[in-house]
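Reader: Can we go through this model together? I'd like the side-chain contacts before the overall fold.

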Amino acid sequence: GINAEYGEFTVAERQLFLRFVWGRTNLPSGSALLSVRFEISKLYKDDSDSQDKIDQYLPVSHTCGFSFELPAYSKKSIMKERILYAITNCQDIDLDFLENNDNDDNDDN
C-alpha cells in the first residue's frame, strides 16, 4: 500500500508528497500536529472504466482537508509511478512559497 511506497521515497520526494497533499513541505510541530489528520481514500471515477484507463489516472489531493484520493491501480509499481509524477508535476498550491512571498511583498512598502 501507500505506506510501503512512502517508505521507499527519498527525503526530497517525501517533501514533494507533503507539498502535494498539504500545500507545505513540513508538517506542523508540537501540539498543532495532533490536530492534523491525514486521510487516504479511493478515487472513484466511472465504474465502467477499464483497468487500463484507471491505471492512467493520477492521484488527487485536497490540501485544505489534508486528504489524498488514490485510484485502484493494478500494480504497486504503477501506483508509485503515478504518485511520483503527480508530486513532481502538479504543484499549483504551495503555501510555503505564498507565505515567503507575502513577507517579501511587505518589505517593498
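Predicted model: local features only at pLDDT ≥ 70, side-chain atom pairs only at ≥ 80, totals over all residues.

**Salt bridges and rings**

Author: Lys 80 pairs with Glu 8 in a salt bridge, with 3.2 Å between the closest N and O atoms. The term takes a side-chain nitrogen of Lys or Arg within 4 Å of a carboxyl oxygen of Asp or Glu. The pair links distant parts of the chain: Lys 80 lies in helix H4 (residues 76–89) and Glu 8 in helix H1 (residues 2–8), 72 residues apart. Helices here are DSSP runs of H or I with at least four residues, strands are E runs of at least two, and both are numbered from the N terminus.

Reader: How many salt bridges in total?

Author: Four salt bridges by this rule. One of them joins Lys 53 and Asp 49, at 3.7 Å from N to O. Another joins Arg 82 and Glu 81, whose closest N and O atoms are 2.5 Å apart.

Reader: Switching to aromatics. How many pairs?

Author: Six aromatic pairs. Phe 17 and Phe 68 make one, with ring centres 5.2 Å apart and planes at 75 degrees, so the pair is edge-to-face. Rings of Phe, Tyr and Trp (its six-membered ring) pair if their centres lie within 6.5 Å; planes under 30 degrees apart are stacked, over 60 edge-to-face, and the rest tilted.

Reader: Where do those two sit in the chain?

Author: Phe 17 is in helix H2 (residues 11–22) and Phe 68 in strand S3 (residues 67–70), 51 residues apart. Phe 17 is buried at 5%. Phe 68 is buried at 0%.

Reader: Which residues do the ring pairs link?

Author: They link Phe 17, Phe 20, Trp 22, Phe 38, Phe 66 and Phe 68 into a cluster.

Reader: Which charged end sits over a ring?

Author: That of Lys 45, over Tyr 57, 5.0 Å from the ring centre. The rule needs NZ of Lys or CZ of Arg within 6 Å of the centre and within 35 degrees of the ring normal.

Reader: And Ser 67, what does it touch?

Author: Ser 67 is in strand S3 and is buried at 17%. Leaving out residues up to four places away in sequence, Ser 67 touches Val 21, Phe 38, Glu 39, Val 60, Ser 61 and His 62. Contact means heavy atoms within 4.5 Å.

Reader: Now the fold. What order do the elements run in?

Author: From the N terminus, α-α-β-α-β-β-α-α. That is five helices and three strands.

Reader: How much of the protein counts as buried?

Author: Of its 109 residues, 28%. Among contacts between residues at least 6 apart in sequence, 61% join residues at least 24 apart.

Definitions and conventions: Residues numbered from 1 in each chain as written. Heavy atoms only, no water. Buried < 20%, exposed > 50% of the residue type's maximum accessible area, 1.4 Å probe, protein only.
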